[in-house]
Amino acid sequence: TGETGEGKEVFAKDIFKRSNYTKHFIKVNCGAIPETLIESELFGYERGSFTGADRRKKGYFEAAEGGTVFLDEVGELPLLAQVKLLRVLQEGELMRVGGVESVKVNCRIIAATNRNLQEEVFKGTFREDLYYRLNVLQIEIPPLRKRKGDIASLANYFITKFSRELGKPKKFLSKEATMWMLEYDWPGNVRELENTLHRAVILSEKSSIELKDFASYNGKKTVTVKTLEEVEREHILNVLDMCNGKLYGSNGAAELLGIKRTTLIAKMEKLGIRKKEN
């Protein structure tokens with residue numbers, strides 16, 4: 001679960017790679033399939049079950065035998081499809097559209113949603129029994145604004161990726177661009193960060209990416225109502241994380257913060273920030 005753009009599919013693929021269900025990974029966007037086709041796509045159909053059904057066709061669950069089905073935006077499933085999905089989860093079997101015999105299936109199901117499914121249950125748009133069956137193990141992915149320590153490594157990954165794809169020399173973030181990225185709240189999460197850096201790599205005319213290369217930058221800083229001490233402590237922690245704990249020297253925290261090493265150490269002691277070994 002989590003907000004849109006957080007990379008839920010990336011987490012699902014990591015679970016897939018670490019599991020015993022690695023034969024196939026089939027992604028299904030439940031909100032992108034027309035309601036009239038959702039059942040035949042998920043559960044398959046028999047020949048002659050409807051006009052145009054000139055052969056038997058396996059659905060996603062059968063096709064994923066021994067593998068994993070990733071149901072993205074599972075909250076978009078219509079109620080009739082929810083009933084059939086519940087049977088797959090509970091009994092490990094399904095009925096193809098137009099079929100008369102049950103078909104056994106063996107696959108892992110990972111579901112993702114940016115909706116509050118408990119609220120959908122209350123409104124009657126999502127089955128309560130399916131909600132509890134899916135909710136055996138829930139992983140909530142925090143938004144990027146709550147895990148800013150990930151920004152530096154994600155930024156480096158995307159810059160390297162897009163520089164290579166565009167045939168450009170590797171770009172580097174300027175000090176001002178780095179500071180802004182750590183202060184910005186990223187409402188679009190990782191997807192917004194990726195798109196922002198893609199555009200920046202395209203537009204940047206220098207070896208470094210500057211603030212002007214960011215579409216999200218409007219000349220204003222994101223302001224959060226916190227005490228000065230809270231802001232200072234959070235900012236120092238973010239910079240230390242970005243520098244992998246390096247306090248001083250080239251690209252060290254003191255240099256990025258524009259202060260002396262002794263000043264940084266004094267501030268860390270005052271704010272209760274423990275020093276990390278380089």
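With which residue does Asp150 form a salt bridge? Asp150 forms a salt bridge with Arg147, and their closest N and O atoms are 3.1 Å apart. By a salt bridge I mean a side-chain nitrogen of Lys or Arg within 4 Å of a carboxyl oxygen of Asp or Glu. Asp150 is partly exposed, with a relative accessible area of 31%, whereas Arg147 is buried, at 14%. Here, buried means under 20% relative accessible area, exposed means over 50%, and partly exposed lies in between, with a 1.4 Å probe and protein chains only.

Before I continue, please note that this is a predicted model: local features need pLDDT of at least 70, side-chain atom pairs count only at pLDDT 80 or more, and totals for chains, interfaces and linings use all residues. Residues are numbered from 1 along each chain as its sequence is written, and side-chain values use heavy atoms, with hydrogens and water left out.

Let me stay with the charged pairs. The structure holds 19 salt bridges. One of them joins the side chains of Glu3 and Arg145, at 2.6 Å from N to O. Glu3 lies in the segment before helix H1 and Arg145 in the loop between H6 and H7, so this pair ties together parts that are 142 residues apart in sequence. Helices (H or I, at least four residues) and strands (E, at least two) are DSSP runs, numbered from the N terminus. Glu3 is partly exposed, with a relative accessible area of 28%, and Arg145 is also partly exposed, with 32%.

Glu120 forms a salt bridge with Arg115, the closest N and O atoms being 3.4 Å apart. Glu120 counts as buried, at 8% relative accessibility, while Arg115 is partly exposed, at 31%.

Three strands form an open, parallel sheet in the order E1-E2-E5, where two strands pair if DSSP finds at least two bridges between them. Strand E1 (25–29) and strand E5 (108–112) are the edge strands, each pairing on one side only. On average, neighbouring strands of this sheet are turned by 20 degrees against each other, direction ignored. Helix H1 (residues 8–18) packs on the sheet and touches E1, E2 and E5, and its direction makes about 155 degrees with that of E1. Contact means heavy atoms within 4.5 Å. Axes are lines fitted to C-alpha atoms, for helices over the stretch in contact, and angles run from 0 to 180 degrees between N-to-C directions.

E1 and E2 pair over five bridges, and the bridge partner of Val28 in E2 is Leu71. Strand E2 (residues 68–72) and E5 also pair over five bridges, with Asp72 opposite Ala112 in E5. Which residues form the covered face of E1? They are Ile26 and Val28, while Phe25, Lys27 and Asn29 form the uncovered face.

Next comes helix H8 (residues 175–183), where Ala177, Thr178, Met179, Trp180, Met181 and Leu182 are buried. The buried residues of H8 pack against H7, strand E6 (172–173), helix H9 (189–203), strand E7 (208–209) and H10.

Finally, consider Ser250, in the loop between helix H10 (228–242) and helix H11 (253–257). Ser250 counts as exposed, at 51% relative accessibility. From C-alpha to C-alpha, Ser250 and Gly52 are 67 Å apart in space, and they are 198 residues apart in sequence.
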